[in-house]
Every structure is written in structure tokens, then in C-alpha cells.
Amino acid sequence: MAEGRLFIGNRRYSSWSLRGWLAVKLSSIKVTEVVLPLAGAGGKGSPAVLAASPSGMVPYLEHGGAKIWESLAIAEYCAEFQPRLWPIERIARAHARSIAFEMHAGFRELRINMPMNLGREFPGRGRTEGSLADIARVEHVWAEALAAHGGPFLMGKEFTIPDVMFAPVCARFLTWQPELSTTSRAYVAAVRAHPLMEAWYQGAMAESAEWLLPKYENPA
Ligand SMILES: N[C@@H](CCC(=O)N[C@@H](CS)C(=O)NCC(=O)O)C(=O)O
């Protein structure tokens, strides 16, 4: 039985919602999903999102009396129910937190120039000085984590919160197809092959054509 509600944006575009949804699905929390069309107006939510969420943004989780907004706060909440969402060992856990928090706080140029669109491919586009610098940093973070913990995911065999936070970046790379190292390409493929990612992509493909936004379908 559902214990609450998870409000998410339409799956095709809503990268932050993907993070919140993955965290919830990887925990034991059972919620009803409410999918809302995005406005895609850069910080200003659609009327449906503004009405549903205290921050005017998705994802937003209501569960057992708790109201949680911000994808990383949702991930932390989910980890209270499923502690293995963070590595158990202290040093690996510190590393995981550093890279997950860096993702939440940064990579703005990459996010602006290569927005998530699960239904399209824009190879070779979106490559600005800023987005390429962000991609170089992402690749460095991934390579270090994969080497330190043995892959195929950032913290090793388990799909943990750092993978949750970088999953939409993998989706962006599949759409925009920047030049990537062999190591990065293998990591992107491993994330894409996760059953939860496949479920999210299938949900995105089933969404109404009325939710398509020219801004994301016809990027400059
Ligand atoms: N820092 C927030 C960012 C949330 C965010 O920007 N959400 C976007 C969707 S991906 C949103 O709600 N946009 C409103 C809209 O486009 O209507 C988080 O981590 O959850």
C-alpha cells in the first residue's frame, strides 16, 4: 500500500525528478507517483508544479508525515530506510558524499547547454567552453571513483546515491554524445542498462505529446 506521494516532472525532461525517483525506488518506500508537466522556464515552475510543491520544483516527496523537497534531501531521506544507498565504509562514504554533493551543487554549464531529453539525439551539439569543462570534470570524478572502487558503478558493485545523482548526466551524454573516454562510455552503458533506468525511459516514451516543449525539442 502507498505510504505517500512522489511528485515528479515529465520523465522525458525532468533530470532532478529522475534522481528523486531512483532514490525512492532503491529504498523500501512505497509511494504513489504523480507526474506533472514541466514549464521548462528555467527556475519558474509550471502551474501544476507550483501548486504541488512547497519549493515550486520537483521532485517533491510526502511520506509518513515528512515533506521533502530537493533531490539530495530525498536521497538522504531514502537512505534512512535503505542505508546501503551510501557505502558502509567511512572513507568510501565520504568520497560518495563528496561527489554526490558536487553534482547537486554544480555542473551548471553542462546542465544549461545539454538538457535532458530522453527521446532525441543531438550529436556534436551543445559543446561550449563551459560545458566541455564540466564534462572534463565529470569524467575525472568518474574515473577516480571507478578506479578506487572497482566499478561497474561509482562506488563498486552497488548502485548508490552517487550513481543516482549522475544518472541524468549519463542520459544527457547519450543524447548529446560528447567525446568520452572508454571508461566513461562503459559507465554510461552500465547506468543505462540498470532496470530502473530502463523503466524510466519506457515511462518517458509513453508520455503525452502535449507535454513536448519546443525549448528542449528544438535547441538553438
Ligand atoms: N535543486 C533542485 C532542482 C529541482 C528542479 O530544478 N526541478 C525542475 C525540473 S527538473 C522543476 O521543478 N522545474 C519546474 C518546471 O519546469 O515546471 C533539486 O535538487 O531537486
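Helix axes here are lines fitted to C-alpha atoms, and the angle between two of them is taken between N-to-C directions, from 0 to 180 degrees. The model shown in these views is predicted.

**Figure 1. Helices α1 and α3 pack with their axes within 9 Å.**
Two packed helices are described by the angle between their axes and the distance between the axes. Helix α3 covers residues 71-81, and α1 runs over residues 15-26. Their axes cross at roughly 5 degrees. An angle under 35 degrees counts as roughly parallel, so α1 and α3 are roughly parallel to each other. From α1, the residues that meet α3 are W16, R19, G20, A23 and V24. On the α3 side, the partners are S71, I74, A75 and C78.

**Figure 2. S14 sits in the loop between β1 and α1.**
Strand β1 covers residues 4-9. Is S14 buried or exposed? Its relative accessibility is 4%, so S14 counts as buried. The side chain of S14 makes a polar contact with the side chain of S17, at 2.5 Å. Beyond its neighbours within four places in sequence, S14 touches G9, L38, V58, M116 and W200.

**Figure 3. F153 and F159 form an edge-to-face aromatic pair.**
A pair of aromatic rings is described by the distance of the centres and the angle of the planes. How many aromatic pairs does the model contain? The count comes to eleven. In the pair of F153 and F159, the ring centres lie 5.2 Å apart. The planes of F153 and F159 stand at 75 degrees to each other. F153 has 10% relative accessibility and therefore counts as buried. F159, at 8%, also counts as buried.

**Figure 4. Five aromatic residues form one cluster.**
The members are F107, W142, F166, F173 and Y187. F166 and F173 fall within α7, which spans residues 161-176. Y187 falls within α8, residues 182-192.

Most residues other than glycine have a negative phi, and most peptide bonds are trans. P59 is in the loop between α2 (47-52) and β3 (60-63). P152 is in the loop between α6 (129-149) and α7.

**Figure 5. E70 and Q177 have positive phi values without being glycines.**
Which loop holds E70? E70 is placed between β4 (66-69) and α3. Its phi is about 75 degrees. At 42% relative accessibility, E70 counts as partly exposed. Q177 has a phi of about 50 degrees. The loop between α7 and α8 holds Q177. Q177 has 31% relative accessibility, so this residue counts as partly exposed.

Definitions and conventions. Residues are numbered from 1 along each chain as its sequence is written. This is a predicted model: local features need pLDDT of at least 70, side-chain atom pairs count only at pLDDT 80 or more; totals for chains, interfaces and linings use all residues. Side-chain values use heavy atoms; hydrogens and water are left out. Helices (H or I, at least four residues) and strands (E, at least two) are DSSP runs, numbered from the N terminus. Buried means under 20% relative accessible area, exposed over 50%, partly exposed in between (1.4 Å probe, protein chains only). A polar contact is a pair of N or O atoms within 3.5 Å; within protein, one must be able to donate a hydrogen and the other to accept it, and residues adjacent in sequence count only if both atoms are side-chain atoms. Contact means heavy atoms within 4.5 Å. Rings of Phe, Tyr and Trp (its six-membered ring) pair if their centres lie within 6.5 Å; planes under 30 degrees apart count as stacked, over 60 as edge-to-face and the rest as tilted. Angles under 35 degrees count as roughly parallel, over 145 as roughly antiparallel, 65 to 115 as roughly perpendicular and the rest as oblique.
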